[in-house]
Amino acid sequence: MPQFDMIVIDPERAKGVEVEEHTAGKPLREGGGDETYRCGGCKTKLLVNVGHHDAHGAVIKCGKCGKINTEPHHH
Ligand SMILES: [Zn+2]
């Protein structure tokens with residue numbers, strides 16, 4: 001099962017982008033695939049066992065450390 005650390009971006013870069021809010025204590029999304037994505041700041045698991053398409057283009061604000069993460073494959 002591949003596990004990836006997401007890329008932390010500057011909040012300025014997230015302006016105009018739809019940011020999903022993660023809540024600490026549970027993943028934002030879970031199931032449907034075999035890829036796990038962690039916050040690039042605090043390593044909290046944000047997406048667990050999701051399909052690649054679930055992570056594609058995702059911009060997620062970590063509920064634990066408040067950093068804004070984007071998925072690592074397309075940057
Ligand atoms: Zn975090």
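Tutor: Buried residues make up 25% of the 75 residues in the protein; a residue is called buried if 20 or more other C-beta atoms lie within 10 Å of its own, exposed if 12 or fewer, and partly exposed in between, with the C-beta atoms placed from the backbone. The model is a predicted one, in which local features need pLDDT of at least 70, side-chain atom pairs count only at pLDDT 80 or more, and totals for chains, interfaces and linings use all residues. Residues are numbered from 1 along each chain as its sequence is written.

The protein contains 1 helix and 8 strands, arranged along the sequence as β-β-β-β-β-β-α-β-β. The C-alpha trace spans about 30 × 25 × 15 Å along its principal axes. The radius of gyration of the protein is 11 Å, which agrees with the value near 11 Å for a compact globule of 75 residues; this radius is taken over C-alpha atoms, and the globule rule is 2.2 Å times the number of residues to the power 0.38. Of the contacts in the protein with a separation of 6 or more, 52% are accounted for by residues 24 or more positions apart, a contact being two residues whose C-beta atoms, placed from the backbone, lie within 7 Å.

Leu46 is buried because 26 other C-beta atoms lie within 10 Å. Leaving aside residues up to four places away in sequence, Leu46 touches Met6, His22, Pro27, Leu28, Tyr37, Arg38, Cys39, Ile60, Cys62 and Asn69. One of these, Leu28, is 18 residues from Leu46 in sequence, and the two are 5.5 Å apart in space, C-alpha to C-alpha.

Asn49 also has its place in strand S6. With 16 C-beta neighbours inside 10 Å, Asn49 counts as partly exposed. Its phi is near 50°, a positive value in a residue other than glycine. Most residues other than glycine have a negative phi.

Lys43 is found in the loop between strand S5 (35-38) and S6. The phi of Lys43, near 70°, is likewise positive in a residue other than glycine. Lys43 is partly exposed, since 14 other C-beta atoms lie within 10 Å.

Notes
Helices (H or I, at least four residues) and strands (E, at least two) are DSSP runs, numbered from the N terminus.
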